Amino acid sequence: MSDDKMKLYDERVKRLKDAIELREPDRVPIYGLVDNWALSYYGITLEEGLKDVELEYKAYSKALTDFPFDGALASRITFPLNFVYSLGGGIFNNATETIQIATGQSELMAVEEYDELIADPMKFIRDKILPRKHKIFQEGTVEEKFAKYANSLSIFFKFGQTTKMLSDRFKTEHGLPITNAGVNHFMPGDIIMDYLRDFKGIMRDIKKCPDKVAEACMAMVDPLIKDTYGKMHTVSDDKYVHLYLHLPQFIRAKEFEKVYWPSFKKYVDTVAARGIKILILFEKNWEHLYEYIQELPKGSVIGFFEEDDLRKAKKALGKTMCIAGGLKTNDLYYGTKEKCIEVAKGLIDDLAPGGGFVFAPDKVLATKNDAKAENLKAVTEFIVEYGSK
Amino acid sequence: MDLSLLTQKIGELDEEKVFEMLNEFVNTNPSPDETKKVVAACQSGMSVVGDFFEKGEYFVGDLIFAGELLTSAIDILKPIMDTQNAGTVGSMVLGTVAGDLHDIGKNIFKSMAEAAGFKVYDLGIDQSAGEFVKKVKEVNPEIIGLSGVLTLALESMKNIVEALEEAGLRSKVKVIIGGNPVTKEACETIGADAFTTNAAEGVKICQKWVG
């Protein structure tokens with residue numbers, strides 16, 4: 001690794017670290033919240049990217065290095081779709097050139113089964129849910145099922161290895177930190193919604209049997225913590241745990257307090273106590289929940305906000321966590337360069353002093369309409385200049 | 001039957017009490033007129049829910065639950081309802097636009113629109129301009145509702161409005177767009193008549209159009 005790339009890498013890691021630990025960095029960092037947008041920007045399809053790792057790398061390295069990002073979410077297509085295909089399909093539908101959950105297919109658990117989930121989450125998911133969900137477990141002899149599953153696992157491990165290899169290439173070839181350490185978690189409440197009870201199911205459970213939901217969430221935390229430690233043997237400044245949280249935006253504060261918050265807080269507190277940094281995507285709007293999340297451990301979390309007013313979020317949460325966001329995908333695609341720059345300037349003026357602020361798109365850039373490259377370029381280059389001390 | 005209590009209990013999402021009241025009512029062998037009033041009271045409950053949502057006291061989860069509650073309530077009343085004379089205030093064709101598979105917002109809007117007395121033709125998800133045009137020709141609605149979550153939905157919405165224009169249908173309908181990415185600017189670019197990110201507000205806009 002050349003010295004200048006190493007230097008660039010270290011500078012960027014420090015810039016982000018300063019922001020997360022609530023100090024003022026040498027300039028406002030810019031985080032590349034980029035996913036499948038990289039494919040359309042490079043001019044390839046999702047299918048082409050899935051077939052050829054080198055092509056996938058070319059696409060992502062263009063999207064992540066044409067703009068002055070200080071760090072990025074992922075080195076590649078973020079979901080191990082080939083693994084999902086090998087299991088005989090899952091809940092994803094990607095016929096639309098995006099990775100989207102096909103609706104109404106995840107009610108795999110009945111409400112009567114909460115007690116089993118609570119008693120032993122891993123056993124319940126392994127013995128009951130996976131066979132219901134994946135085709136390869138539904139036909140053939142035990143040996144055949146085992147062989148197919150072994151094949152799927154090898155695809156999964158290969159995905160992990162390749163992801164790490166690509167991440168290392170971003171470091172040595174571009175001096176760009178990919179903060180993803182392979183720990184991409186949802187919190188228990190999200191897992192129940194996404195994979196077990198589906199949207200309608202969990203909304204009903206929260207009204208009718210909140211104690212069961214809360215208990216199940218608590219039962220699922222320890223396996224999640226164990227999994228996190230298994231994947232992150234060592235603590236380093238350039239790798240974070242990534243959490244994507246989506247249930248809380250849909251429920252009332254009191255419901256959040258009852259079913260979601262205790263297990264979520266336990267996870268973050270435990271992991272942060274080890275010195276691990278945590279990147280959290282607070283999806284949609286969390287304003288009604290600030291009084292809870294302000295209690296998360298100080299200087300350990302970088303919180304990406306989508307629809308929250310960042311000025312309000314900084315005021316309420318700025319002593320606890322680093323606030324990230326500000327580049328609205330709507331402006332990035334439909335607005336002008338001037339509009340994007342004007343918004344960025346206002347945010348730097350109001351939020352940069354004192355630190356604890358990182359620029360990023362308000363949503364993960366997923367499809368080509370999430371940003372016009374010329375707007376993204378103009379606004380990020382402006383931030384580099386204007387956001388310096 | 002205490003109609004205002006029924007409305008209130010739906011508004012509070014008190015499922016047990018609502019079912020108890022409705023089952024008791026059905027057992028009294030009521031007249032079609034009485035039943036009509038009870039259905040209306042249930043529907044008013046849904047607009048109470050919408051008001052709580054607009055005030056920020058209820059969240060999307062509450063709207064989902066309310067939609068299910070209303071469906072179950074109407075199911076209880078169905079055997080005694082006079083479906084022949086169930087008047088509607090208007091009709092709409094609704095769908096999630098091409099490239100987008102999200103239907104939660106659309107379904108919430110649908111149940112609230114139905115509660116407000118609209119006949120809703122729901123096309124489902126990932127629907128092309130061609131599908132919308134075909135359905136509009138077939139059922140001749142007053143309103144078209146286009147839903148989407150991803151930013152790419154805006155382009156699909158624009159295509160649909162253009163297709164309506166080309167088919168000579170645009171002037172005969174009102175178009176409302178809804179969902180995560182819609183804004184005033186997007187609404188103007190797309191050529192829709194209204195936009196909303198709030199199902200309750202969307203239904204009110206539609207009511208004004210047909211009222």
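## One face of helix H2 in chain B

In this predicted model, the buried residues of helix H2 of chain B are Glu15(B), Val18(B), Met21(B), Leu22(B) and Phe25(B). When one looks down the axis of H2(B), these buried residues fall within an arc of 135°, so they line one face of the helix. The face that is turned away from this buried side carries the exposed residues Glu16(B), Glu24(B) and Asn27(B).

H2(B) runs over residues 15–27, which makes 13 residues, and from its first C-alpha to its last it reaches 18 Å, close to the 18 Å expected at 1.5 Å a residue. What covers its buried residues comes from both chains, and includes helix H9 (188–208) of chain A as well as helix H1 (3–11), helix H3 (32–54) and helix H4 (60–77) of chain B. H2(B) is followed by Asn29(B), a residue whose phi is positive, near 55°.

H6(B) is followed by Asn140(B), whose phi is positive, near 50°.

## The two domains of chain B

The domain assignment of chain B gives domain 1, covering residues 1–78, and domain 2, covering residues 88–208. Taken over C-alpha atoms, the centres of domain 1 and domain 2 of chain B are separated by 26 Å. The contact between them takes 11 residues from domain 1 of chain B and 10 residues from domain 2 of chain B.

## The nonpolar cores

The largest nonpolar core has 142 residues, and those with the most contacts inside it are Phe264(A), Tyr267(A) and Ile293(A). H4(B) gives the most to this core, with 11 residues, and the core draws at least three residues from each of domain 1 and domain 2 of chain B.

Ile293(A) can be followed in detail: leaving aside its neighbours within four places in sequence, this residue is in contact with Trp261(A), Phe264(A), Phe282(A), Trp286(A), Phe305(A), Leu317(A), Thr320(A) and Met321(A). A second, separate core has 26 residues, and among them are Val133(B), Val161(B), Leu169(B) and Val175(B).

## An exposed lysine in chain A

Lys164(A) has its place in helix H8 of chain A, which covers residues 142–174. Its relative accessibility is 53%, and because a residue counts as exposed when this value is over 50%, Lys164(A) is exposed. The C-alpha atoms of Lys164(A) and Met109(A) are separated by 34 Å, and the two residues lie 55 residues apart along the chain.

## Confidence in the prediction

Chain B averages a pLDDT of 92, and 98% of the residues score at least 70. For the complex, the predictor gives an ipTM of 0.87 and a pTM of 0.89. Where pLDDT is low, the predicted coordinates should not be read in detail.

Key:
Residues are numbered from 1 along each chain as its sequence is written. Chains are lettered from A and ligands numbered from 1 in the order in which they are written. This is a predicted model: local features need pLDDT of at least 70, side-chain atom pairs count only at pLDDT 80 or more; totals for chains, interfaces and linings use all residues. Side-chain values use heavy atoms; hydrogens and water are left out. Helices (H or I, at least four residues) and strands (E, at least two) are DSSP runs, numbered from the N terminus. The expected span of a helix is 1.5 Å times one less than its number of residues. Buried means under 20% relative accessible area, exposed over 50%, partly exposed in between (1.4 Å probe, protein chains only). The arc is that of the directions from the helix axis to the C-beta atoms. Contact means heavy atoms within 4.5 Å. pLDDT is the predictor's confidence in each residue, from 0 to 100. A nonpolar core is a set of buried Ala, Val, Leu, Ile, Met, Phe, Trp, Tyr and Cys residues joined through side-chain atoms within 4.5 Å. Domain bounds come from an automatic or database domain assignment.
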